[in-house]
Amino acid sequence: MDIRNALPNLSSSDEHVLIVLSDETLRTGEASIPAYQIAKICGVPGQAAWEHLQDLEKVGLVTTYDGGRLGLLHHAAELTLDGAVLGSDLKIPPRRGPIADIAESIDDTGRVALDVVIEQQLRCAGAGVRRSEISSRVRNARPALNAESVSRTLESLSASYLAVTMDREPVFKITLRGLLASSWGSNAFSLVQQSLDSLRSFQDRNPSIEMYSWRALREACVFRRDPGVDSNGVRGLVPT
């Protein structure tokens with residue numbers, strides 16, 4: 001099955017559930033994830049999450065396990081191979097370009113390195129990326145580079161654009177400045193602006209409420225399915 005054929009049949013809620021199932025599979029290391037756990041993260045009733053999982057099963061993206069008489073708390077689902085691929089792809093929105101003022105001091109190698117880190121963090125539930133993996137992916141994108149030149153670039157990006165922790169080798173995560181300087185910088189800026197506008201609107205409507213749920217904010221920041229692909233051939237969600 002061409003998994004892209006499943007896209008027109010998926011609602012934005014179906015996509016969200018698939019992404020959450022993908023993230024939880026990576027986070028826990030378990031193949032089968034309880035439906036109530038997915039519902040909690042998505043901020044929807046358990047029955048609604050179960051129905052979305054059943055919709056995903058109809059197009060071959062997940063396998064569901066009915067708890068039967070034990071009830072909804074014992075329902076579970078796991079990704080199929082196609083579901084794992086599509087769930088990973090859906091995490092990568094089309095690149096809308098960097099914030100120019102922040103990115104102007106970064107060369108081409110630096111921009112590629114930032115994009116590699118962000119894409120891997122998006123696909124892997126925010127996990128850091130090892131230096132060797134970044135080096136390999138950057139050199140695949142720019143074959144003229146060698147490992148030493150990539151290491152120098154990573155050193156120059158550290159602290160301001162990339163946060164570094166030490167394991168058996170350096171592990172990198174993107175900083176806010178690095179995100180804004182990357183190919184997804186404009187995406188991030190738009191999301192921050194939408195979030196602030198939505199929170200301001202909530203406060204204007206009801207000044208007595210001090211906190212708002214993640215679900216309410218997410219629903220206020222409307223997304224649409226981009227009908228095409230970006231310059232790198234990636235299809236995904238973009239803010240309206």
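The paragraphs below lead through a predicted model of one protein chain, from its overall make-up to a few individual residues.

The chain has 240 residues, of which 40% count as buried, and its secondary structure comprises eleven helices and eight strands. Among contacts between residues at least 6 apart in sequence, 59% join residues that are at least 24 apart. As for the confidence of the prediction, pLDDT averages 86 over the chain, and 88% of the residues score at least 70. Where pLDDT is low, the predicted coordinates should not be read in detail.

In general, the strands of a sheet pair through backbone hydrogen bonds, in either a parallel or an antiparallel sense. Here β2 pairs with β3, which spans residues 76-79, in the antiparallel sense over four bridges, and a reader who wants to locate this pairing can look for Thr 63, whose bridge partner in β3 is Glu 78.

The next feature is a pair of helices. Helix α2 (residues 35-42) packs against helix α3 (residues 46-58) at an angle of about 110°, with the two axes 8 Å apart. An angle from 65 to 115 degrees counts as roughly perpendicular, so α2 is described as roughly perpendicular to α3. By class, the residues in this contact are six nonpolar, one polar and no charged. On the α2 side they are Ala 35, Ile 38 and Ala 39, which meet Gly 46, Ala 49, Trp 50 and Leu 53 of α3.

Ala 125, in the loop between α6 (residues 108-123) and β4 (residues 129-130), has a phi near 55°, a positive value in a residue other than glycine. Its relative accessibility is 41%, so Ala 125 counts as partly exposed. Ala 159 likewise is not a glycine and has a positive phi, of about 80°, and this residue is found in the loop between α8 (residues 147-157) and β5 (residues 162-166). With a relative accessibility of 67%, Ala 159 counts as exposed.

From that loop the chain continues into strand β5, where Thr 165 is found. Thr 165 counts as partly exposed, because its relative accessibility is 49% and the exposed class begins over 50%. Leaving aside neighbours within four places in sequence, Thr 165 is in contact with Pro 170 and Val 171. Gly 128 lies 37 residues from Thr 165 in sequence, and the C-alpha atoms of the two are 8.7 Å apart in space.

Methods. Residues numbered from 1 in each chain as written. Predicted model: local features only at pLDDT ≥ 70, side-chain atom pairs only at ≥ 80, totals over all residues. Heavy atoms only, no water. pLDDT = per-residue confidence, 0-100. Pairing = 2+ DSSP bridges. Helix = DSSP H or I, 4+ residues; strand = E, 2+ residues; numbered from the N terminus. Buried < 20%, exposed > 50% of the residue type's maximum accessible area, 1.4 Å probe, protein only. Axes fitted to C-alpha atoms, helices over the stretch in contact; angles between N-to-C directions. Parallel < 35°, antiparallel > 145°, perpendicular 65-115°, else oblique. Contact = heavy atoms within 4.5 Å. Nonpolar A, V, L, I, M, F, W, Y, C, P; charged D, E, K, R; others polar.
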